[in-house]
Amino acid sequence: MLAMMAAMCVTFTACGGDDSDSTPGKPEEPGAGGTTAYVEPCLDFGSSAEHVKEYMTGTAFQLIDGNNIALMYANSDATVAISYTFTSGLRIAQVTYNGYSESQANAFKAEIEKRYGVTMTKEVNPDDVSQWVYKGTTTINSRKVAIMMMAYKGVISIMYGLPD
């Protein structure tokens, strides 16, 4: 899962700020001054690509590329990316931001813990302390979901996925 997150960070980069007062719902456009609220992707695991496309309709995100295996969205200035992966339905949802500090990431971590009732534990790469991961497992929409937030050199990716 970590390798997949790293690949997504390289493949599609985005950036923004933080806003711990955001509420659950469809993804929204970045706020004034370039800040971005915590973005909640479609977390209806097991659903079809068509369902996710309907969920994303009317949001500030446009479909950049997609098929029945993967969908990639970005907001108008490509500061936030959302990707979805499907195998027998939605399996992984990921939001990627660029240019974030660890203190801004901590606001996202707190929001995730609050929304989903999960405790995220931190792991730091001993060879490169600028690379770290928060991990946790919880239940979302009656499904066991693993959440991983990875940061490396200012890029933060938050991945929600069904455990193997």
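This is a predicted model: local features need pLDDT of at least 70, side-chain atom pairs count only at pLDDT 80 or more; totals for chains, interfaces and linings use all residues.
Biologist: In what order do the elements of the chain run from the N terminus on?
Modeller: The chain has three helices and eight strands. Read from the N terminus on, these elements run α-α-β-β-β-β-α-β-β-β-β.

Biologist: Which strands are the edge strands of the sheet?
Modeller: Eight strands form an open sheet with antiparallel pairing. Their order is β1-β2-β3-β4-β8-β7-β6-β5. An edge strand here pairs on one side only, and that applies to β1 (61-66) and β5 (121-124).

Biologist: What angle does the direction of helix α3 make with that of β6?
Modeller: Helix α3 spans residues 102-116 and packs on the sheet. It touches β4 (90-98), β5, β6, β7 and β8. Its direction and that of β6 make an angle of about 15°.

Biologist: Which residue is the bridge partner of Q131 in β7?
Modeller: Q131 lies in strand β6, residues 131-140. β6 pairs with β7 (residues 143-152) in the antiparallel sense, over 10 bridges. Q131 also touches V124, N125, A151 and Y152, leaving aside residues up to four places away in sequence. In β7, its bridge partner is Y152.

Biologist: With which side chain does the side chain of Q131 make a polar contact?
Modeller: N125 is among the residues that Q131 touches. Their side chains make a polar contact at 2.7 Å, so the pair falls within the 3.5 Å cut-off. The partner is N125.

Biologist: Is Y160 buried or exposed?
Modeller: Y160 sits in strand β8, residues 155-161. Its side chain joins that of Y38 in a polar contact of 2.4 Å. Buried means under 20% relative accessible area. Y160 has 0%, so it counts as buried.

Biologist: Is M56 buried or exposed?
Modeller: M56 belongs to helix α2, residues 49-56. The relative accessibility of M56 is 2%, so M56 is buried.

Biologist: What percentage of the residues in the chain is buried?
Modeller: The chain exposes about 7,700 Å², and carbon and sulfur atoms supply 51% of that area. Among the 164 residues in the chain, the buried share is 49%.

Methods:
Residues are numbered from 1 along each chain as its sequence is written. Side-chain values use heavy atoms; hydrogens and water are left out. Helices (H or I, at least four residues) and strands (E, at least two) are DSSP runs, numbered from the N terminus. Buried means under 20% relative accessible area, exposed over 50%, partly exposed in between (1.4 Å probe, protein chains only). Accessible areas come from the Shrake-Rupley method with a 1.4 Å probe; for residues, only the protein chains shown count as cover. A polar contact is a pair of N or O atoms within 3.5 Å; within protein, one must be able to donate a hydrogen and the other to accept it, and residues adjacent in sequence count only if both atoms are side-chain atoms. Contact means heavy atoms within 4.5 Å. Two strands pair if DSSP finds at least two bridges between them. Axes are lines fitted to C-alpha atoms, for helices over the stretch in contact, and angles run from 0 to 180 degrees between N-to-C directions.
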